[in-house]
Amino acid sequence: MNTSKQDSYLKDWQAQEATAERMLPILGSLYRDKNIVVSVYGRSLVNSTAIDILKAHRFARQILDDELSVLDSFPLLKAICKLDLAPARIDLGKLTFHFTTEGGGLSADEYVRRELASVHTGSSPILDEPQDIVLYGFGRIGRLLARILIEKAGSGEKFRLKAAVVRKGAADDLLKRASLLRRDSVHGPFNGIITIDEEENAIIANGNLIRIIYADSPEGVDYTQYGIRNAILIDNTGKWRDRAGLSRHLQAPGIAKVILTAPGKGDIPNVVAGVNHDLITADEQIFSAASCTTNAIVPVLKALQDRYGILHGHIETCHSYTNDQNLIDNYHKASRRGRSAPLNMVITETGAAKAVAKVIPELGGKLTGNAIRVPTPNVSLAILNLELGRSVTAAELNGYLRGMSLESPLQNQIDYTNSPEVVSSDFVGSRHAGVVDSLATIAEGSRVVLYVWYDNEFGYSCQVVRMVQKMAGIELPSLP
């Protein structure tokens, strides 16, 4: 055995680990004191461990085709800490890569000062008062939204999740709902501490008091008696999808705006964050966040339409089963969905292809779609079979989409991987709307097939929160 090489690997690891540990207090201080969210190519370093930091740097290899070391990024992080910055999102990975390739002889301090000049002001662009949020429903999406909102409250980002409205279950309802927020079989344990306050009938999550309000109808709650005012309510029950039904929430004192976490009907604006969020205006009170599949495919379709044009195509989704299906064969009003979800692939319909036209009108009538529910609990796969307006190679197409994932207005929506070994479970917890699997891309002339993974629970919830940020005026600048 070559002991010198063995020692070399170990010493290099120890140096990297020690550097990552030195980064932890800086990252925490930037987050809590200045509302600076630091990431590495979209992978947040907030509340990370040293190993998480090293993994985030290692992940960059899938995008850059090169290594990114904490030994290179640490000097830039220290330089960031020296500035009087306004709240912002800073991608340390991109900053380090640009510095090493185009730094032009500048020191780390000089380069960071130049690149972050626009936020080197100390003044905050976000709200003076916290934005109240109410969850109507506390199921799969509701609890994930709670996790994300609680995480963001820790940075002083002015979100305050004040309440969740549910129908009361058993006598120990509060305890059970706290337990479901604390533990999740798919997404793992809650990152923090959860207790309950029985006197307030509330869950305390990382210091955030979230009242559990029992109600049987939207208009039956006076939120102002709980100190809730001008709130954005997120209806994740899907029970009401038209304007008449969702307007019932606005009759409740304390509610100013409503977001539906499902496709809206009629004239309700269907919004995909990052694509058509300009529909979010002050004079509209009700919005739909569309579906998880619509959010996954629309950003990629938008990118392709803008560059190549799309003549026609078919969207097939392999979608994880949901609570709407049965664990074992039983009656269901929809065709095939009564059959056991964990034991079968089930062909069913999807409205995602038609929903695309509500977001990208020029694609109206050009796409068809179908879905197959598959025996996995989370993470789905959209297969885009398209005829483009001109011929393209797989290499060109992948290069373009990789660029869109790195440096474009869609970088929070489109992610990219070039790993030959990834499978669905590797994308649990993805914060992007969809992830392009570049090694599966097929291109023959103008006909292309793209595979887009998406966490249909967590990734979609992140898109909903991006809508909330837009509605509340709490969008932080992203640099570089």
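Two strands are taken to pair if DSSP finds at least two bridges between them. Helices (H or I, at least four residues) and strands (E, at least two) are DSSP runs, numbered from the N terminus. The model described here is predicted: local features need pLDDT of at least 70, side-chain atom pairs count only at pLDDT 80 or more, and totals for chains, interfaces and linings use all residues. Residues are numbered from 1 along each chain as its sequence is written, and side-chain values use heavy atoms, with hydrogens and water left out.

**Overall form**

The protein chain has 13 helices and 20 strands. Its C-alpha trace spans about 65 × 60 × 50 Å along the principal axes. The radius of gyration (taken over C-alpha atoms) is compared with a globule rule of 2.2 Å times the number of residues to the power 0.38. For 480 residues a compact globule would have a value near 23 Å, and the protein chain agrees because it has 23 Å.

**Strand pairing**

An open sheet of 4 strands has the order β2-β1-β3-β20, with mixed pairing. β2 and β20 (478-479) are its edge strands, each pairing on one side only. Within this sheet, Ser 39 stands opposite Asp 91 in β3. Helix α5 (residues 92-102) packs on the sheet and touches β1 and β3, and its direction makes about 50° with that of β3. Contact here means heavy atoms within 4.5 Å; axes are lines fitted to C-alpha atoms, for helices over the stretch in contact, and angles run from 0 to 180 degrees between N-to-C directions.

| Strands | Sense | Bridges |
|---|---|---|
| β1 (residues 36-40), β3 (residues 88-91) | parallel | 4 bridges |
| β6 (residues 194-197), β7 (residues 202-205) | antiparallel | 4 bridges |

Ile 196 has Ile 203 in β7 as its bridge partner. The hairpin of β6 and β7 has 4 residues between the strands, and there Asn 201 takes a positive phi near 50°.
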